[in-house]
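Please walk through this structure, starting with the overall confidence and then turning to one chain and one ligand.

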Amino acid sequence: MDFKDSDTIPGPRTEDRLPQTAQAAVKIVIVGGFGVGKTTMVGSVSEIRPLTTEETMTQAGIGVDDNFGSDTKTATTVAMDFGRISITEKLVLYLFGTPGQERFWFLWNGLFEGALGAVVLIDTRRLEVSFDVIGRLEERGVPFVVAVNSFPDAPRYPIEELRQALDLPPEIPIVECDARRRASSRDTLMTLMRFLHSLAMTGALT
Amino acid sequence: MTPPQRQRRYPKPPPAPRQPLKEGERRNPERMFVVGGDGGARADLDLVTLIVASADPPPSATPEQTALLRLCTAPLSVAELSAYLNLPFSVVTVVLTEMLADELVEAHKPLVRQSVADRSLLEAVMHGLQRL
Ligand SMILES: Nc1nc2c(ncn2[C@@H]2O[C@H](COP(=O)(O)OP(=O)(O)O)[C@@H](O)[C@H]2O)c(=O)[nH]1
Ligand SMILES: [Mg+2]
């Protein structure tokens, strides 16, 4: 990219600027498989037009593809959409829509470790996709709730049946949502916050 | 119809003992490398560390530094800087590491999840969401 004329670099629109009083930020991660509705959810609650941060990686491959024996390198670009909600004049909340594959997570230093918690978005047409994500969050001790994004042609299971299939303890909230609707996405985030609050009350947060 | 069943991976099996490498073999061939990584010391920057300019661009400023300083006359997260500058997060952290050392910008650390959660913080976030 050419920085010579930095006046032309697009910056935040006036209404997307944070006030000078903004002092600290918190983050929540929305994680799930491709096409499950992460970007949609970020966009429906964000006060700014959702933005994208990208990272490019090379994968040093020996015999991992067709060119066995040659030292191949493949570049992979991983994108993460995010949005923002001003909480007070001092505090800002950021929401990150993060791909489900754990091998990408290290790219964004502390993405899960520092997050208040996570929303695991699931699509009942491809429930298996979320198994790995849930296992990884459990291993990392990241508190999370599960939101079932309701696609019209998706099989509908009773919540308790889903709980059993996902092998989740009774205290972990599982809710239905429509990521396209602001109120529904906001309610999902509230479910996470109430869950985090209840963990804080019982001192159960690891 | 019943949904597919998740198998828990607990308890984790102990890691297998490492085998000595054969001639020409490399460990962990699937490991990914960040392109912008230079291995140098990097400031501890989070995606949501807020960055604010603390100086005008000095004559010695590089074009990247000048662009960045113009963007963060008001606080802006590292993630937003990466998006507006169209640069990978890792590259932005390299640029910012230099600028922090030169005192061109200030960084405000994020509030991260604590072992003992800050209830008033959680309540503030809940109030903020309720107003949406
Ligand atoms: N019916 C329905 N469609 C949705 C919903 N959420 C997302 N979609 C659609 O599903 C597609 C993939 O969504 P997207 O947010 O890009 O998924 P991502 O890959 O997880 O970021 C888009 O065409 C959305 O319009 C939902 O709640 N209901
Ligand atoms: Mg997306």
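Predicted model: local features only at pLDDT ≥ 70, side-chain atom pairs only at ≥ 80, totals over all residues.

Residues are numbered from 1 along each chain as its sequence is written, chains are lettered from A and ligands numbered from 1 in the order in which they are written, and side-chain values use heavy atoms, with hydrogens and water left out. The model has an ipTM of 0.88 and a pTM of 0.87.

A contact means heavy atoms within 4.5 Å.

Chain B contains four helices and four strands, in the sequence order β-β-α-β-α-α-β-α. Helices (H or I, at least four residues) and strands (E, at least two) are DSSP runs, numbered from the N terminus. Of the contacts in chain B between residues at least 6 apart in sequence, 65% join residues at least 24 apart. Of its 132 residues, 39% are buried, where buried means under 20% relative accessible area, exposed over 50%, and partly exposed in between (1.4 Å probe, protein chains only).

Thr93(B) belongs to helix α3 (residues 89-101) of chain B. With a relative accessible area of 5%, Thr93(B) is buried. Apart from neighbours within four places in sequence, Thr93(B) contacts Arg42(B), Leu45(B) and Val78(B).

Ligand 1 is surrounded by 15 residues, the closest being Gly35(A), Lys38(A), Thr39(A), Thr40(A) and Asn149(A); a residue is near a molecule if one of its heavy atoms lies within 4 Å of it. Helix α1 (residues 38-45) of chain A supplies the largest share of this shell, three residues. A polar side-chain atom of Thr40(A) is 2.5 Å from an oxygen atom of ligand 1. For Gly37(A), a polar backbone atom lies 3.0 Å from an oxygen atom of ligand 1. A nitrogen atom of ligand 1 is 3.5 Å from a backbone N or O atom of Ser150(A). Of the 580 Å² of accessible area that ligand 1 has on its own, the protein covers 71%, with areas from the Shrake-Rupley method and a 1.4 Å probe.

Technical notes: Polar contact = N/O pair within 3.5 Å; in protein donor to acceptor, adjacent residues only side chain to side chain.
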